[in-house]
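Have the structure open as you read.

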Amino acid sequence: MATTTSRRETLLRLLSPVIGFFAAIVILLVIVVAVGEGPGAAIRAILRITFGNPSRTATVLSQAIPLYIAGVAVAFAFQAGVFNIGVEGQYFVGGFVAALVGIYLKLPPIIHIPLVVIAAMIGGALWAAVPALLKVGRGVHEVITTIMFNSIAIYLMNFLVNRPFNGLEVGESLEPQTKAIAETALFGRLNGFFQALGWKIGDHVYLDYSLIVALMVGVVVWIVIYKLRFGFEVRSIGEAIDVSRYAGMRVKRVQVSAFLISGGIAGLIGLQEIFAIRGFYTYQIAGGLGFDGIAIALIGLNNPLGIVFSALLFSFLRQAGYGLQLYTSVPNSVSYVITGLMIIIIVVTNELVVRYVRNLRKREVA
Amino acid sequence: MPLLRMENITKVFPGVVANDGVSFDLQAGEVHALVGENGAGKTTLMKILYGLYGPDKGGIFINGQETSISGPRNAIDQGIGMVHQHFMLVPVFSVLDNIILGEERESTPKLLQRLYLDKRSLRARIAELMERNHLETDLDRPVRELPVGVQQRVEILKLLFRGAEVLVFDEPTAVLTPQEIEGLSRTFRELTAQGKGIVFISHKLDEVLQVADRITVIRRGKIIETMPREGATKAKIADLMVGKPVLLKVDNPQAEPKEEVLRVEHLTAADDRGAMVLSDLSLAVHAGEIVGIAGVEGNGQTELIRTIAEREKIISGEVYLKGENITSWDVRERREAGIAHIPEDRHRYGLLLSFSLADNMVLGRHHRPPFVGPIGWRKTKAIREFARSTIAAYDIRTPGETTPAHALSGGNQQKVIIAREMSADPILLLASQPTRGVDIGATEFIYKQIVEAKLQGRAVLLVSADLDEILSLSDRVCVMYKGKIVYEVARDQATKEQIGFYMMGAEHGDDNE
Ligand SMILES: Nc1ncnc2c1ncn2[C@@H]1O[C@H](COP(=O)(O)OP(=O)(O)OP(=O)(O)O)[C@@H](O)[C@H]1O
Ligand SMILES: [Mg+2]
């Protein structure tokens with residue numbers, strides 16, 4: 001009883017993902033035991049796949065890159081009170097536009113690579129533009145339109161890769177894909193740099209230029225949100241639209257901008273997959289990151305710094321799932337169930353805490 | 001034995017001791033008023049009683065038994081009910097549904113009845129409650145269609161239905177019309193006659209003296225004195241509250257109106273439901289003049305101010321600022337042109353509750369120098385400095401400018417908005433209910449500021465439900481009735497009776513409104 005509400009509030013907010021994480025671990029062990037495996041073996045398997053050697057730890061980091069960008073993309077819109085559920089579609093489109101620039105332009109790498117990044121942002125932002133305009137112009141709720149636009153994006157990309165932009169010779173591969181991306185646009189790796197720093201990671205790990213992109217996104221977004229007038233208006237509108245309107249903010253304009261920026265960031269999610277890993281575009285570039293981004297943003301409290309943590313956590317959980325599958329008799333499907341469950345538990349715990357805090361605060365308003 | 005006793009309650013928030021060894025008791029059948037400055041700790045004490053905060057120290061006794069209260073639900077189970085300033089009603093539900101909401105299970109214990117809600121017997125019980133307490137309302141009307149005063153009645157019924165013996169009212173009259181206040185004090189008498197105890201918090205000392213049996217003054221978290229109503233005077237209470245004599249009088253020199261600043265012409269507007277709220281209204285306000293709008297609430301005052309402050313749904317008519325037609329301008333353009341606005345509904349329009357005081361203090365000017373530099377970089381230092389000096393100038397009680405707005409007491413939150421708008425250097429100040437919820441010392445200060453603004457040549461349009469406020473500040477009084485200005489009078493010719501007469505729509509012959 002001696003703790004005051006606001007001290008409790010900060011503490012809880014910081015602790016909630018940790019609480020959620022441990023709750024999830026406990027449940028994981030329960031499930032593992034239920035399918036007839038020892039809890040010790042499960043924990044060992046998880047630690048082995050994530051911290052077994054430097055390369056494995058680096059893989060956690062590598063996988064966190066697109067997750068991080070996805071989280072920041074969702075968070076930027078959330079900050080302005082916009083629910084951009086369309087990150088999924090936006091990165092499909094952003095990646096495609098970037099791939100076209102990567103395939104068909106002939107430029108030196110120093111120009112080609114930044115251009116690819118910009119193209120990805122433009123593609124993502126364009127795909128967000130219609131829902132954004134429908135929202136402020138016609139009052140159509142963005143959750144509906146962005147979900148629809150996700151489907152459209154996925155099938156449109158499917159079509160484009162199968163027909164007009166199919167780059168395959170007959171019989172080469174079953175997976176429809178574009179032509180190969182030009183050498184000059186491919187993302188190189190930073191592994192050498194990390195090795196020079198004494199981190200003994202293998203050459204196969206993808207710590208590529210997209211890591212730099214992610215870092216830049218994080219820093220720039222943080223500055224925009226917390227240091228610039230625009231970010232202040234974004235946060236203000238996210239907190240209370242009416243108050244913001246009365247303060248003279250142009251609510252619609254700011255929300256549209258935030259929506260487009262969110263889409264632009266979303267466009268960057270696929271860069272690693274397309275430009276570092278595959279070297280061509282396929283509509284099968286890892287799906288679902290846009291939805292993971294929602295949970296990642298929530299757990300990271302919509303803050304680019306918090307999202308570093310939540311993206312790493314997500315990546316860790318994914319790897320943990322693989323570890324179980326690899327080193328224990330936990331069946332493949334169960335490991336997916338566990339990964340999903342852990343995410344849900346963390347999101348729910350976090351949401352419960354946030355809600356609890358919000359309630360405390362509401363009571364204080366009088 | 002008192003119905004309720006709170007003993008030696010201490011509650012500390014970061015940087016403030018909100019309650020410092022407070023002891024407070026309530027007898028059955030009395031109205032006990034709790035008065036004190038903004039931030040003195042009244043709401044905190046009541047929230048502890050209602051289980052919203054746990055006390056750091058101290059105990060609560062009900063009928064002599066020590067008890068602990070874990071939350072609102074538990075409080076009401078122990079017979080303690082609270083009427084919040086912002087009602088906790090579901091607007092689209094009927095009165096009946098609102099009253100039984102959450103209680104319907106308890107009142108129908110059998111399994112079968114749990115599935116089928118026996119509204120008829122519930123209705124009968126509520127009808128009986130209404131009759132006994134003279135709280136008649138139409139049980140089938142949706143709550144959102146009811147005037148504020150009736151909604152408050154529904155809140156009271158809700159508590160009585162749940163068996164409340166102690167009823168806490170935190171500034172219940174701030175949102176009521178004078179007639180509704182009359183009704184509320186009648187209800188108080190009914191309830192106390194049945195042996196219920198009432199805690200009444202208000203900044204309007206006249207009301208306090210009218211309804212209270214005992215009065216407790218709290219200052220900076222400490223109880224200063226508890227006295228019976230007999231022998232208490234407004235001046236004495238005010239002195240005890242503030243710790244120094246309060247003038248309670250405004251020095252308001254006659255205005256010398258200069259050029260016209262605001263003119264609205266033939267304004268006609270409808271509200272969200274399409275009801276006509278302004279009809280062909282014209283009005284002008286000059287530099288160096290305070291124009292007061294009197295009227296029973298809901299006669300279009302809110303909409304009049306809104307059409308001037310923002311681009312409202314105007315059906316026809318024009319708004320001019322210094323001769324320029326601003327009808328189609330948005331809020332930012334209007335603010336830039338020199339309109340400042342103290343909104344009536346401050347919770348909805350006034351503050352970013354989770355943001356710092358500093359951020360709130362510059363809201364509306366947050367986008368321009370000196371608060372932003374090149375490329376829109378926010379200048380935190382300038383913002384904080386400005387906030388600090390404004391907090392000092394307006395005596396806002398807070399540990400500092402980085403405190404979030406939600407941690408301020410109700411009255412201090414309002415002072416933040418007033419300070420912000422008044423310091424915006426406006427040419428036109430729109431002030432809606434500027435002293436609502438504000439303590440007597442701060443009221444005096446705000447009056448001085450408004451008069452000062454006028455003397456500096458600003459134009460002021462004042463809307464207030466408080467006739468005394470209108471009469472002591474305005475140079476010219478306009479009475480609004482059903483969306484029109486039905487009477488206009490210069491200050492030296494204004495009488496309360498005459499104004500009251502027109503407020504009731506006298507001229508139109510339907511003064512039973
Ligand atoms: N949740 C909170 N966190 C931090 N400080 C708080 C909180 N609630 C109240 N306070 C502080 O406690 C003090 C007492 O506040 P309280 O709301 O009880 O005042 P009050 O007497 O009701 O004032 P008012 O007349 O303005 O409503 C104030 O200084 C306020 O800033
Ligand atoms: Mg209060």
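## Around ligand 1

Of the 21 residues around ligand 1, the ones that come nearest are Gly39(B), Thr43(B), Thr44(B), Ser409(B) and Gly411(B); a residue is near if one of its heavy atoms lies within 4 Å of the molecule. The ligand itself sits between chains A and B. Keep in mind that this is a predicted model, where local features need pLDDT of at least 70, side-chain atom pairs count only at pLDDT 80 or more, and totals for chains, interfaces and linings use all residues. As for bookkeeping, residues are numbered from 1 along each chain as its sequence is written, chains are lettered from A and ligands numbered from 1 in the order in which they are written, and side-chain values use heavy atoms, with hydrogens and water left out.

Sorted by class, the shell has seven nonpolar, ten polar and four charged residues. Here Ala, Val, Leu, Ile, Met, Phe, Trp, Tyr, Cys and Pro count as nonpolar, Asp, Glu, Lys and Arg as charged, and the others, Gly among them, as polar.

## Who touches the oxygens

Look at the backbone of Gly39(B): one of its polar atoms is 2.8 Å from an oxygen atom of ligand 1. At Gly411(B), a polar backbone atom lies 2.6 Å from a ligand oxygen. Ser409(B) uses its side chain instead, with a polar atom 2.6 Å from an oxygen of ligand 1. On its own the ligand has 630 Å² of accessible area, and the protein covers 95% of that (Shrake-Rupley method, 1.4 Å probe).

In chain B, the elements that give two or more residues to this shell are β2 (16-26), α1 (42-49) and α16 (410-422). These are DSSP runs numbered from the N terminus, helices being H or I with at least four residues and strands E with at least two.

## Two buried side chains

Lys47(B) belongs to helix α1 of chain B and is buried, at a relative accessible area of 4%. Buried means under 20% (1.4 Å probe, protein chains only).

Over in chain A, Gln79(A) is part of helix α3 (residues 54-79) and is buried too, at 12%. Its side chain reaches the backbone oxygen of Asn302(A) at 2.8 Å. Beyond its neighbours within four places in sequence, Gln79(A) has contacts (heavy atoms within 4.5 Å) that include Ile225(A), Tyr226(A) and Arg235(A).

Terms used
Polar contact = N/O pair within 3.5 Å; in protein donor to acceptor, adjacent residues only side chain to side chain. Buried < 20%, exposed > 50% of the residue type's maximum accessible area, 1.4 Å probe, protein only.
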